[in-house]
2 protein chains.
Amino acid sequence: MTYCLGIKTREGLVFASDSRTNAGMDQVSICRKLHTLVQPGERVFVLLTSGSLSLSQSVMTLLKDDYQSGQGLATAPSIYEAARCVGDQVRKVGLLDREALERDQVAFNVHIILGGQIGKQDPELYLIYPQGNPLRATQDSPYLQIGETKYGRPILDRGLRFESTTLDEAAKYALISLDSTMRSNVLVGPPVDLVMYRAGDLCIRHQCRLAENDTQLLTIHTMWERALRQAVQSLPAVRFASSGDAT
Amino acid sequence: MTYCLGIKTREGLVFASDSRTNAGMDQVSICRKLHTLVQPGERVFVLLTSGSLSLSQSVMTLLKDDYQSGQGLATAPSIYEAARCVGDQVRKVGLLDREALERDQVAFNVHIILGGQIGKQDPELYLIYPQGNPLRATQDSPYLQIGETKYGRPILDRGLRFESTTLDEAAKYALISLDSTMRSNVLVGPPVDLVMYRAGDLCIRHQCRLAENDTQLLTIHTMWERALRQAVQSLPAVRFASSGDAT
């Protein structure tokens, strides 16, 4: 299983991913799902992957080969075109593997989040589907998720706003969303990879990997749980229309 | 879609359900999913249903017919046996409808939560699967959900404890869990039905139905969102190991 999340606010982008991968419940290992491609001062890409690890590895291999030979993401004129490059490679891997997988009733499952900035353009954030088509994050829907998306979503719906959420706050929301998912699904787990990209940086200044026993991860887990309990206590009791002795 | 939730704590039981039902995205209506069967001073049952409305209606019809003729839940010697009665009716409906449904690739989908108390026995809470077998809530897993379960789960995992969560608090957690789910999935919606059952009552003292514009629902929605945002602000900023100018 996997949980990856990209957030777009007025100030920039935040990316977060877990690192647990499994083939069945009894074969669990660690794998990095956050990748960066950077030409400092010119272009920055962050990619997050979910789905079959074999497929996402193939897509990333093709993308990096192109990039290193000065093609694909290295020359894409916009993040939209970069998302199209990713989609092209997803389709290329589809041509290689989809038929053989589907013959054995295995879905062709690879989802990719791509975000970044090129030159003076605004930062953008996309999700690329297994069919290769891209979806853009918008001001109304300022985040994109792949993998185990539901546990970590309510906190984002309540709190994230494109205009008003600061980048520091967005990083906290990302960690809480990851922590909520790890709490409820054991197949999503640390290390957590996190990148905070401030618009205009055109390099990766803020990146960290939080291991299972990392102090920050433990602190946010404990403080958040305590804050939630206090918040519940601060709410008024439910009033029941009933027989006099109702609370 | 549906979201129903049962909670068991030391002090008693809480039940909550939404009321939205749909056949496809373009046919949405309202339907009560919380049902009570009570012999005051003797036995109390609360049932929550999800899945195909046709199937859950059939199961409830059979259960109520039995109950009114003094059989089934009216005489079950324990909540475990009552859960078995529910499972028997699920299987009876399975004999009636499963083959015809599966011929058209429609799953036989009906899930039921049953909770209550009989005489001086402890209150108990069960989930009955479409196959008719029952699952009991435990002190370690003090809640059971059916339907759209994931959005509303993180808050329960963080906050609910069998020994220490009061019944008033459990009712608040139930409303927040419902509200989180309604926020993230438009196919789960009000009115919200809520029952709070205190161990030993042997009748329904605390029940309410909160409509879409109900003040309590709006209050908890607004106050909870504000409390969450404040809680996020109170957390320390994420520290990135990076190039000097990191936050």
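A residue is called buried when its relative accessible area is under 20%, exposed when that area is over 50%, and partly exposed in between (1.4 Å probe, protein chains only). The structure is a predicted model, in which local features need pLDDT of at least 70 and side-chain atom pairs count only at pLDDT 80 or more, while totals for chains, interfaces and linings use all residues. Residues are numbered from 1 along each chain as its sequence is written, chains are lettered from A and ligands numbered from 1 in the order in which they are written, and side-chain values use heavy atoms, with hydrogens and water left out.

The interface between the two chains was examined through contacts, meaning heavy atoms within 4.5 Å. In these terms, 53 residues of chain B touch 53 residues of chain A. The two chains bury about 5,200 Å² between them, 58% of it on carbon and sulfur atoms; buried area is the accessible area (1.4 Å probe) that two parts lose on being put together, summed over both. On the chain B side, the most area is lost to chain A by B:Arg158, B:Leu235 and B:Phe240, together 16% of what that side buries.

Helices (H or I, at least four residues) and strands (E, at least two) are DSSP runs, numbered from the N terminus. One salt bridge between the chains pairs B:Glu225 with A:Arg161, their closest N and O atoms being 3.0 Å apart. This pair joins two chains, because B:Glu225 lies in helix α5 of chain B and A:Arg161 in the loop between α3 (153–159) and α4 (167–184) of chain A. B:Glu225 is buried at 14% relative accessibility, whereas A:Arg161 is partly exposed at 27%.

A salt bridge also links A:Glu225 and B:Arg161 (3.0 Å, N to O). Here A:Glu225 belongs to helix α5 (residues 215–234) of chain A and B:Arg161 to the loop between α3 and α4 of chain B, so the pair joins two chains. A:Glu225 has 14% relative accessibility and therefore counts as buried; B:Arg161, at 28%, counts as partly exposed.

Within chain A, a salt bridge connects A:Arg98 and A:Glu102, with the closest N and O atoms 3.0 Å apart. Both residues lie in helix α2 of chain A, 4 residues apart, about one turn of the helix. A:Arg98 is partly exposed, with a relative accessible area of 27%, and A:Glu102 is partly exposed at 41%.

A:Lys8 lies in strand β1 (residues 3–9) and is buried at 9% relative accessibility. A polar contact is a pair of N or O atoms within 3.5 Å; within protein, one must be able to donate a hydrogen and the other to accept it, and residues adjacent in sequence count only if both atoms are side-chain atoms. Such a contact, of 3.1 Å, joins the side chains of A:Lys8 and A:Glu124. A:Arg20, in strand β3 (residues 20–22), is buried yet has no salt bridge, the nearest side chain of opposite charge, A:Glu212, being 4.5 Å away. The side chain of A:Arg20 does, however, reach the backbone oxygen of A:Val186 at 2.7 Å.

Technical notes
Lys and Arg count as positive and Asp and Glu as negative; His and the chain ends are not counted. A salt bridge is a side-chain nitrogen of Lys or Arg within 4 Å of a carboxyl oxygen of Asp or Glu.
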